[in-house]
Amino acid sequence: MRKSKITWWKGLLFLFFFLPCTLKAQQQGNLRGYIKDAQTGEFLPGASIYDTLSKSVGTLSGANGFFELKARYPVVLRISFMGYQPSFLNLTQAPDQALTIGLQQDQVTLREVIVQSETEKVQDQTLSLVKLNPRIVDYMPALAGESDPLKVLQLMPGISQGQEGTGDLFVRGGSPDQNLFLLDGIPVYNPNHLLGFVSVFNTDAIQQIDVHKSGFPARYGGRLSSIVDVQLKNGNTQEFGAKGTIGIVSTKLLLEGPIQKDKSSFLISGRRSNIDLYTKGLSRLLGDDLNEFSFYDLNAKINFQPSTKDHVSIGFYTGYDAYQSNFTDSRNVRSESFRVAWGNRTLSGRWFHAFSNGITSLTTAGLTNYELQVNAVSSDLVSDLRSVYRLSYGNSLQEYNLRQDYEKSWSKHQLSGGWYFNRREFSPGLVDFEVSIQDTVSNVSGIFEEPRLNSHEVGTYLEHTFSWKNWMVQYGAHLVAYRENEKTWFIPQPRLLARYNWATHFSTNLSFSRMAQMVHLLGNSGTGLPTDVWVPATDRERPQDSWMGSLGGQYIVPIKGKDLTITADLFYKKMDHLLDYYLGTDFFLNGPETNFLLEFNNSWQNQVTSGRGEAYGLELMLQRSIGKTTGWLSYTLSETTRQFELLNRGEVFPYRFDKRHDIAFFFHQLLKEKFKFSLVFVLQSGNRITLPEGSFLDYFDPQGMGGRPRPYLDIIENRNNYQLPAYHRLDLAFTHTKKKKWGEREWSLSVYNTYARQNPFFVYVSSDPVGRTRQAYQVSLFSIIPSLSYRFSFGKMYQK
Amino acid sequence: MKNRFINLLYALVVMNAFSCTKLIDIEFPAHERKPVIYAMPVPGEPLEVELLYSRGVNQFGLDYNINHFPRLFVNQQEVDTTRKTSVAKYLFEPDLKAGDELRLEVWEGDSLIAFANTKVPEINDLSIGAYQYTAPTNDLNINNASFEIRFPNLPEDEYFMLADLIKSKSFLGETTLEGRGSSLKSTIPILDKFLPRSVGFKDKFFAEGEIVIPLSIYYSNDEDVASGYPPNIYFLIVGKLSREKYLFFETSRNQNLARENFLAQVYEIYSNVTGGYGFFGAYDYVVFRFERKGQSFEWVPSSKEELFEGVDIINW
């Protein structure tokens, strides 16, 4: 007891005499720095910087890994980022210059996906934000072994797939065209290779993917349903390295390294399909007609840091798909060749600058191009009627972008704002045809072009984020002025996101946003075909817009070392001014000839009807993202409908990809140091199709003119009136990693649809020639598909 | 080429050796039988009304509706049926003019089963614009005659058009120009593509309130001399459709095209019949006649009667 009293007195004396001195000695100031990957030198945007002493000061690194916070020294900063070991930094006084903090990649706690941020982070930037670490994509089971980040996103709550195997994203009842894919800030209009079975995003070159599906920050706009922000790697500033993959579908190779150590770097990543090699060989072997499908893509980027306050990068992407078919009949009297090719190109330049007053700016300039080209040649080789029929069709979209984003943080506030300008040039269709008959008089040719349309868009935004007691509020507005032809639209888009922390491990959040979209995608196949045509909003077909509200909560189960997170979200989305064909017309439906020569003559604007959509639902997710065993279980209960003036008698009907129930389970286990095992199980409601409800004789009666029997027409009173059986499958993947002298190699065995479930890829209704009797057939595309891929990497950076 | 696109998808299907197609048992939605009306009033022509029945998928029964009967009203005045031309076809002879409002009702005993309304369209004055003839200039001995037909002062509302190009005055007797060494060509490509079938289009494609149809006719002197053909007579029929007829034809045509296309969304057939299916849509048209005389072409004012001389109008 006596000893205790002395201790008590000592403590009192300490407080009385030294505490004021300590307080006086505390410094205040702005702490700035960059968060980087310690091995590769890559900037890490979105990392958390949190003062564990004050427990009230923290921020997230912004663009280029830059952060700034108001520190009261001493501070003990905890810096964390998904997939990296947390780092602690003890500072007793303000540093002289901006810090550079390197984080080590964490091999054990592979945080593959984070939905929302941890509660310890004071400023939670977004609600319902999915952050995807591309490294996990390689370890997940994949169709034909082709890892694809978009397929992983389809396992998230509120995001579902359309047709099996395709990468289209249907986010909270939206359609695929309502997702904005940004590649280093530049839009990519067609994110698909191989008709959607492979996405254009090469995981080797990707640093991070952020997907916003609600609570949109004010800086984003242009699409109704989601923003998929893909950030490419800058390239390693420390050392050279190479990695590659040889798989069934494609072969990939990536090279990266410093141009000037710590200052500048380069990255080149290329991919080419292997399918054409098989099909070409098979065609030669069998002496069959040539059917060849190929694709490639290339990412290139250089990055340099002229000063500690500046960072400049220039990126280039090009990707192309081509399908070639040559045919000559057995009698050698007719030959046909057909080629369709489509692709994206982007070019971007970005300049990040940190001003001395703590304001940062990011200037982005770039262009994106998407084009489709179809060429067909048909030749009759009969001696007395040697005719040649040539037809080419093309459509394209080119977009020029310029934008500046500014950001300033102080105390518990962050202010961001900016402006942008873009110009889009649409060429909805150009037909060039020629028919010539040798030795005769006919020679017809012509060029027909759907009127080209140009549109301009100017936008600005302002957003303020602040923390107050248990609240975090982010509010702002995005204002866009859009002009096409003589018509100008002004569309203000308010944004609000608020979060309240009820306790250390429990928070609720609310968001509200309006989004506008100035482009429409015309097509009704639902399979992400390249023949779908992008068109601008016009004076007749105004921009799409949506209102969306979301209410959710997050609970971290307080079991030490388990890191279990439960999230729930209720959402409601209302979409207006959607477009669909009302005459049942589209490129694919009618075939190019009729479309070119008939519908082409009848502008797309005459064939579309405007409507609205509605979606609401509940999303649940249980996730473990740290440890040797990670994964998540997600469930979405939702309903999505559409209503168009000239469809379905103007009545509401279910959306084709209305998935009432959608369950996804992902499990990842680090078995030993060398072995990884992962499992994916998906169970969801089937897609909807429209079945005929009856039939009646057509008005046109060819029999009366000596032709075939009078045909029947189908009665369709209710669109999407039939739901296909539930979709489910189980995928497995095993990965074995081994270190070599030269680097590392990995074998990955993937089994898609392990129990060979015959899910319907589509169902078609067959009929007799006049449509009198009907039978339904189901086509299942993918049964069990095992695949093996080999990955290799050279360089110290890959030696984990 | 359409098939090439579909083959592309099939190729991907086939590439997966495990894919399969199987017949599945689907319960098609239930259907209650309803009357189907086909009637297209044209000024100056008798009106034939056909009554049919709809039926459920894979249900077999009578397609021709003998249980119902039609009643026609022009500007709210009932027009008597003159006669029944076949098992379910009724003939009316109304005196129609532009702007008349028509109503067709289908009755079963004392009960009104279905009805539809339409209005006779007002067709604008048409004019022949630039006319040009080019004599043969090369060894192929090709003649080229070009015309422009103008529809001036179009109204601002939707204007649904129909165009037919017909060679010789009886299109049933001479249906095509193909293989004769001569051809018709127009910068409205549909006129090439679908000769001699009717083609509908909307005016919104055309700007500035005026439709111009440039028309070129190619022919070979040698060919005609060799084949012994008399001087050619061409008719161009340009009609104005009611919205009802236009939409029915477009949607039914597209549905037929889509029938075997597994990727296409199936679209409903447009109908303005309340309580049933089909269409009741008025139509009117004008006729242009081009006559080749020797080495030149002439536009000759013509009439509907001249076009259909010797042709059964009802069946047209």
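Which residue of β5(A) is the bridge partner of S48(A)? In this predicted model, the bridge partner of S48(A) in β5(A) is S80(A).

## Basis of the model

Residues are numbered from 1 along each chain as its sequence is written, and chains are lettered from A and ligands numbered from 1 in the order in which they are written.

Strands here are DSSP runs of E with at least two residues, and helices are runs of H or I with at least four residues, numbered from the N terminus; two strands pair if DSSP finds at least two bridges between them. On these terms, chain A holds an open sheet of 4 strands in the order β3-β2-β5-β6, with antiparallel pairing. Because β3 (58-60) and β6 (87-91) of chain A each have a single partner strand, they stand at the edges, and one side of each is left without a neighbour in the sheet. Neighbouring strands of this sheet are turned by 15 degrees against each other on average, direction ignored, with axes taken as lines fitted to C-alpha atoms.

Within the sheet, β2 (residues 48-51) and β5 (residues 75-80) of chain A pair in the antiparallel sense over 4 bridges.

## Chain B and its helix α4

Chain B has 5 helices and 19 strands, and 53% of its 316 residues are buried, meaning under 20% relative accessible area with a 1.4 Å probe, protein chains only. Of its contacts (heavy atoms within 4.5 Å) between residues at least 6 apart in sequence, 67% join residues at least 24 apart.

Helix α4 of chain B (residues 243-258) has 16 residues that should span 22 Å at 1.5 Å a residue, which agrees with the 22 Å between its end C-alpha atoms; the expected span is 1.5 Å times one less than the number of residues. Since 12 of the 16 residues of α4(B) are buried, the helix is largely enclosed by the rest of the structure; among them are Y246(B), L247(B), F248(B) and R253(B).

## Confidence

The predictor gives the complex an ipTM of 0.78 and a pTM of 0.80. Chain B averages a pLDDT of 67, and 47% of the residues score at least 70, pLDDT being the predictor's confidence in each residue, from 0 to 100. Over residues 168-210 of chain B the pLDDT is below 50, although this stretch has 126 contacts in the model beyond near neighbours in sequence. Where pLDDT is low, the predicted coordinates should not be read in detail.

Notes:
Predicted model: local features only at pLDDT ≥ 70, side-chain atom pairs only at ≥ 80, totals over all residues. Heavy atoms only, no water. Buried < 20%, exposed > 50% of the residue type's maximum accessible area, 1.4 Å probe, protein only. Axes fitted to C-alpha atoms, helices over the stretch in contact; angles between N-to-C directions.
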